[in-house]
Amino acid sequence: MRTETGHRRGKGRSTIRTDRIEKTKQFLREQLQSDIEDWGWQYRYEHSLRVAAVGKKIAEAEGFDAEHMVIGCLLHDVGYGICRSHEDHANHGALSERVARPFLMELGMDKKTVEAICYGILTHTMPDDQLLRPCTPFEATIVDADNIDRFGPLRASHAHGQKELLKKRPDEIVSICDKVINGYTGYKALPFGTKTAKGMWCEALDEEIRFYTRLKKQMLDVV
């Protein structure tokens, strides 16, 4: 289980300091400039903005500190700037935590907040059986927001544009659709830190399932 009970603020009581948000965005842009992955630093930066937007919605719905959540989500991939190998990319959560920690301290965050944000960043690339301890709902939201964006419309449009499908027979596409639908249906059982995140996750998966269900139906009509 990824989460345990964590501290919540009263809903609507969180004040966002836009100066710290903007400083975090600038820091993220600077760090990602040397990102060498195929998707490029611009994609990684915009992905982080989208994750932060998801995290903000969850934080506001669940009563977490929205500013802290936005900053944590913005920094969750900041370590990509120092990745130089496939192994680094696989472990970018640990690298991101390393880069984010001193920056968070420079922002004037208290120690408890720094630790919570860093643990959320660290664990977003770790399987559950490697966690040092269960994540709090706040920490898990950094992981959850990242996963939700992966199944958002932009990434879905990239997945749906797989040109190799055009080269396959209808029955092969049906088989692929079945595999994807079953996989996405199974993903619904994954644990999330909050009900809000769980609902957003299932909504994103349902969009994917609807697409592949339509594609399967079209291919069955052909078969």
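The crossing of H2 and H7 is right-handed. The model behind these exercises is predicted.

### Exercise 1. The H2–H7 packing

Describe how helix H2 and helix H7 pack, from the axes to the residues in contact.

Step 1. Locate the helices. H2 covers residues 41-62, and H7 covers residues 137-150.

Step 2. Read the geometry. The axes are 8 Å apart, and the packing angle is about 120°. Angles of 65 to 115 degrees count as roughly perpendicular, and those over 145 as roughly antiparallel. H2 is therefore oblique to H7.

Step 3. List the contact. H2 supplies His47, Arg50, Val51, Val54, Gly55 and Ile58. H7 supplies Thr141, Ala145, Asp146, Ile148 and Asp149.

Step 4. Sort by class. The contact of H2 with H7 has five nonpolar, three polar and three charged residues.

### Exercise 2. The H3–H7 packing

Work out how helix H3 meets H7, and sort the contact residues by class.

Step 1. Locate H3. This helix runs over residues 66-74.

Step 2. Read the geometry. The axes of H3 and H7 come within 10 Å and cross at roughly 45°. Roughly parallel would need an angle under 35 degrees, and roughly perpendicular starts at 65. So H3 is oblique to H7. The crossing of H3 with H7 is right-handed.

Step 3. List the contact. From H3 come His68, Met69, Gly72 and Cys73. From H7 come Phe138, Thr141, Ile142 and Ala145.

Step 4. Sort by class. The contact of H3 with H7 holds five nonpolar residues, three polar ones and no charged ones.

### Exercise 3. The cover of H3

State how many residues of H3 are buried, and find what covers them.

Step 1. Count. Nine of the nine residues of H3 are buried.

Step 2. Name some. Among them are Glu67, His68, Val70, Ile71 and Leu74.

Step 3. Find the cover. It includes H1 (18-32), H2, H5, H6 (111-123) and H7.

### Exercise 4. The whole chain

Summarise the protein chain by its secondary structure, burial, contacts and surface.

Step 1. Count the elements. The chain has 10 helices and zero strands.

Step 2. Take the burial. Of its 223 residues, 48% are buried.

Step 3. Take the contacts. Consider contacts between residues at least 6 apart in sequence: 70% join residues at least 24 apart.

Step 4. Take the surface. The accessible surface comes to about 11800 Å², and carbon and sulfur atoms account for 53% of that area.

Terms used
Residues are numbered from 1 along each chain as its sequence is written. This is a predicted model: local features need pLDDT of at least 70, side-chain atom pairs count only at pLDDT 80 or more; totals for chains, interfaces and linings use all residues. Side-chain values use heavy atoms; hydrogens and water are left out. Helices (H or I, at least four residues) and strands (E, at least two) are DSSP runs, numbered from the N terminus. Buried means under 20% relative accessible area, exposed over 50%, partly exposed in between (1.4 Å probe, protein chains only). Contact means heavy atoms within 4.5 Å. Accessible areas come from the Shrake-Rupley method with a 1.4 Å probe; for residues, only the protein chains shown count as cover. Axes are lines fitted to C-alpha atoms, for helices over the stretch in contact, and angles run from 0 to 180 degrees between N-to-C directions. A crossing is left-handed if the near helix is turned anticlockwise from the far one by less than a right angle, and right-handed if clockwise. Ala, Val, Leu, Ile, Met, Phe, Trp, Tyr, Cys and Pro count as nonpolar, Asp, Glu, Lys and Arg as charged, and the others, Gly among them, as polar.
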